[in-house]
Amino acid sequence: MPSHISPKDLEVVRLVAANGSLTSTAKQMHVSQPAISQRLATLQDRLGTDLFQRRDGRMQATPAAERLAEAAVAVERLMTQAMEDVNELLGRRQRQFRLTTQCHTSYRWLSFVIRDIVDQHPGLSVDVVPEAIEDPCGAVMRGEVDAALVFAPDESCTAHSVECFSDEMFAVMHIDQPFANRSFLSPANFADEALILYTGKRHAFVDFVLAPAGVRPGRLRQVRMTEAIVELARAGQGIAVLAGWVLNDLGSRKELAAVRITRGGYRRTWRALLSDQCPETIAAAFVNSVRKTGESIASAEWRELLETAS
């Protein structure tokens with residue numbers, strides 16, 4: 001039996017088990033793939049057993065590897081808690097919480113979340129990382145941020161995910177648009193229409209509503225600013241897809257019509273992706289704050305709440 005297994009050994013086993021790949025693990029740990037292979041081979045020699053078996057091109061964890069991966073998570077949590085305790089004893093606090101989102105619109109209500117977290121953890125510095133918006137899951141997995149708010153995570157994302165709240169999306173258009181008086185729009189109604197969406201590589205509405213129905217919009221116009229999207233829709237330049245709370249936040253809905261998408265409505269679910277390195281107390285405060293804010297923005301008084309807080 002080996003006399004010592006280092007935390008680095010445990011981390012290698014955990015990541016290989018999660019990724020099913022030596023190459024992906026090497027990238028996450030910022031080392032070469034041969035270095036990971038050598039460390040894993042040395043550990044297996046010391047243990048006297050194989051930790052992984054290659055099946056269908058992936059590294060499949062053995063029961064021994066699964067147990068070591070569990071130990072890696074436990075050790076990380078123990079070390080994180082120990083550092084929190086030490087900082088508490090020394091009169092310090094967790095000083096930085098790095099956050100990103102999948103959509104710029106969330107910045108409108110993100111300040112409520114940030115204020116709430118800081119109220120619970122005085123001295124905590126919350127830093128928003130906008131450059132991670134195109135790959136929030138990757139940013140969490142690489143340790144570039146502590147948490148990310150997403151509504152359409154990649155299927156390959158293995159970051160710890162917690163459901164927070166959902167918001168309903170509406171088709172917004174000029175009141176003279178032929179569909180403006182309908183009670184709801186089906187995916188087929190968007191065929192050949194100009195669709196106005198936020199800038200991005202992926203669009204949940206296209207991926208989860210139109211694509212499954214085999215529908216393609218006639219034109220996809222990508223815009224970065226909410227105000228610009230609203231005014232283009234108001235000018236009859238296409239159909240925008242906006243959250244209900246965005247509509248409640250508008251100063252004027254003159255000449256605009258908002259129609260439900262599908263008979264039962266189309267809702268997107270916001271989730272918090274959390275880094276393994278994020279202290280549990282901070283992660284819990286973040287999730288609770290997002291949930292509380294989600295309830296607030298769903299109310300008809302959302303704009304009044306914003307004005308009161310400003």
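A pocket, as the word is used in these legends, is an open set of grid points with protein on both sides within 12 Å along at least five of seven lines. The structure shown in every view is a predicted model.

**View 1. The largest pocket and the elements that line it.** About 1000 Å³ of space lies in this pocket, and its lining is made up of 37 residues, among which Arg-14, Glu-76, Ser-275, Asp-276 and Gln-277 lie nearest the centre. Two or more lining residues come from each of α1 (7–19), α2 (22–29), α4 (63–89), α6 (136–141), β6 (160–174) and α10 (280–297). Helix α4 gives the most to the lining, with nine residues. Sorted by class, the lining of the largest pocket holds 18 nonpolar, ten polar and nine charged residues.

**View 2. The second largest pocket.** The space in this pocket comes to about 570 Å³, and of the 32 residues that line it, Gln-102, Cys-103, Phe-151, Arg-202 and His-203 are the closest to its centre. At least two lining residues are supplied by each of α6, β8 (194–198), α7 (204–210), β10 (239–243) and β12. The lining of the second largest pocket divides by class into 19 nonpolar, six polar and seven charged residues.

**View 3. The crossing of helices α1 and α3.** Two packed helices are described by the angle between their axes and by the distance between those axes. Here the axes of α1 and α3 (residues 33–47) come within 10 Å and cross at roughly 110 degrees; because angles of 65 to 115 degrees count as roughly perpendicular, α1 and α3 are described as roughly perpendicular to each other. In the contact, Lys-8, Asp-9, Val-12 and Val-13 of α1 meet Ile-36, Arg-39, Leu-40, Leu-43 and Arg-46 of α3. The residues of this contact comprise five nonpolar and four charged ones, with no polar residue.

**View 4. Asp-56, a loop residue with a positive phi.** Most residues other than glycine have a negative phi. Asp-56, although it is not a glycine, has a positive phi of about 55 degrees, and this residue is found in the loop between β1 (52–55) and β2 (58–61). With a relative accessible area of 82%, Asp-56 is exposed, since that term applies to values over 50%.

**View 5. Thr-262, in the loop between β11 and β12.** Thr-262 lies between β11 (256–261) and β12 (266–274), and has a positive phi of about 70 degrees although it is not a glycine. Its relative accessible area is 23%, so Thr-262 is partly exposed.

Definitions and conventions:
Residues numbered from 1 in each chain as written. Predicted model: local features only at pLDDT ≥ 70, side-chain atom pairs only at ≥ 80, totals over all residues. Heavy atoms only, no water. Helix = DSSP H or I, 4+ residues; strand = E, 2+ residues; numbered from the N terminus. Buried < 20%, exposed > 50% of the residue type's maximum accessible area, 1.4 Å probe, protein only. 1 Å grid on protein atoms, 1.4 Å probe; cavity = no way out; pocket = protein on both sides within 12 Å on 5 of 7 lines; lining within 4 Å. Points joined across faces, edges and corners; volume = space filled by probe spheres on them. Nonpolar A, V, L, I, M, F, W, Y, C, P; charged D, E, K, R; others polar. Axes fitted to C-alpha atoms, helices over the stretch in contact; angles between N-to-C directions. Parallel < 35°, antiparallel > 145°, perpendicular 65-115°, else oblique. Contact = heavy atoms within 4.5 Å.
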